[in-house]
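Please view the chain below before reading on.

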Amino acid sequence: MRFNTFSILFLALIILGCERDDICADGTPTTPQLLIDFFDATDTETVKSVTRLSVYAEILVTDDTGVITLPESTSDATLLFNENSSSISLPLIIGNEGEETITRYFLEKDTNLRLDGDIITDSNIDILEIKYTPNFIYVSRACGFKSIFTELTAIDNAGDDAIKWIENITFLNTTEIAITVENEDATHVQIFH
C-alpha cells in the first residue's frame with residue numbers, strides 16, 4: 001500500500017512539475033526550408049512543371065575527390081527523383097552563425113533520359129547555388145533556437161554547361177538581389193524555364 005501511495009505521489013509531482021513551455025507546440029515556427037516555384041519563361045505568370053525533375057544536394061552525390069555519382073533511383077541522396085514538379089522545398093545547411101554559407105543543389109531535368117540506357121539522349125543538369133548567412137533566433141525553452149537565413153542569393157551556376165534549362169531566377173515580390181528567409185509562409189524563389 002505504501003508503495004502505491006508513493007508511486008501515485010511521484011507521478012503527480014512529475015505531471016504537475018511540467019510547465020507549458022516544456023513542450024514545443026506543433027505550430028511553432030522552426031528553421032525554414034527554401035521554397036521554390038517554377039514558371040514558364042515566356043509567360044512569366046504561368047506556373048510550369050519541370051519534366052522528370054530530380055534534386056540532389058551536392059554534398060550527398062560528390063565524393064572527397066570531386067567525382068559526382070548520380071543515383072539510379074530514389075535514395076538518401078535525392079530530395080526529389082524523376083517526378084514532374086512545379087515546386088520544391090530545399091533544406092539549407094546551417095553553418096556558423098554570422099558566416100556566409102554556400103549550399104549547392106543539382107537540378108536534373110528529364111532524368112528519365114539519363115536512365116533509359118540510350119547514349120544519344122541525356123538529362124540536363126543545372127546547379128542552383130545558394131549563398132546566405134545563418135542567424136539564430138531564440139524561440140522558447142522547449143523549442144530552443146531556429147535559424148533564419150539573411151543576405152540570401154540564388155544563382156544558376158551551370159559553369160561550362162552550354163545548354164542551361166534554367167533561364168532566370170528571381171525572388172518573389174521584390175527586385176532586391178538578396179532576401180531574408182524567416183518562415184515558410186510563401187514562395188521565396190521563382191525559377192523560370
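Thr133 stands opposite Thr150 in strand 7, where strands are DSSP runs of E with at least two residues, numbered from the N terminus. This pair belongs to the antiparallel pairing of strand 6 with strand 7 (residues 144-156), which extends over eleven bridges; two strands count as paired if DSSP finds at least two bridges between them. The model is predicted: local features need pLDDT of at least 70, side-chain atom pairs count only at pLDDT 80 or more, and totals for chains, interfaces and linings use all residues. Residues are numbered from 1 along each chain as its sequence is written, and side-chain values use heavy atoms, with hydrogens and water left out.

- Six strands make up an open sheet in the order 3-2-5-6-7-9, and their pairing is antiparallel.
- Strand 3 (78-85) and strand 9 (179-181) each have a single partner strand and stand at the edges, so one side of each has no neighbour in the sheet.
- On average, neighbouring strands of this sheet are turned by 30° against each other, direction ignored; the axes are lines fitted to C-alpha atoms, and angles run from 0 to 180 degrees between N-to-C directions.
- Strand 2 (residues 50-57) pairs with strand 3 in the antiparallel sense through four bridges, and Tyr56 has Thr78 of strand 3 as its bridge partner.
- Strand 5 and strand 6 run antiparallel and are joined by nine bridges; here Ile102 has Lys131 in strand 6 as its bridge partner.

- Strand 6 and strand 7 form a hairpin, with three residues between them.
- Tyr138 belongs to strand 6 (residues 124-140).
- Apart from neighbours within four places in sequence, Tyr138 is in contact with Gly144 and Phe145, contact meaning heavy atoms within 4.5 Å.
- A polar atom of the Tyr138 side chain lies 2.9 Å from the backbone nitrogen of Arg141.

**Salt bridges**

- The count of salt bridges is five, each being a side-chain nitrogen of Lys or Arg within 4 Å of a carboxyl oxygen of Asp or Glu.
- One of them links Glu129 with Arg104, whose closest N and O atoms are 2.8 Å apart.
- Because Glu129 lies in strand 6 and Arg104 in strand 5 (residues 101-109), this pair ties together parts that are 25 residues apart in sequence.

- Another open sheet has four strands in the order 4-1-10-8, with mixed pairing.
- Strand 4 (87-90) and strand 8 (168-171) are its edge strands, each pairing on one side only.
- From one strand to the next, the twist averages 25°.
- Strand 1 (residues 34-39) and strand 4 run antiparallel, joined by four bridges, and Leu34 stands opposite Leu90 in strand 4.

How values were computed
Polar contact = N/O pair within 3.5 Å; in protein donor to acceptor, adjacent residues only side chain to side chain.
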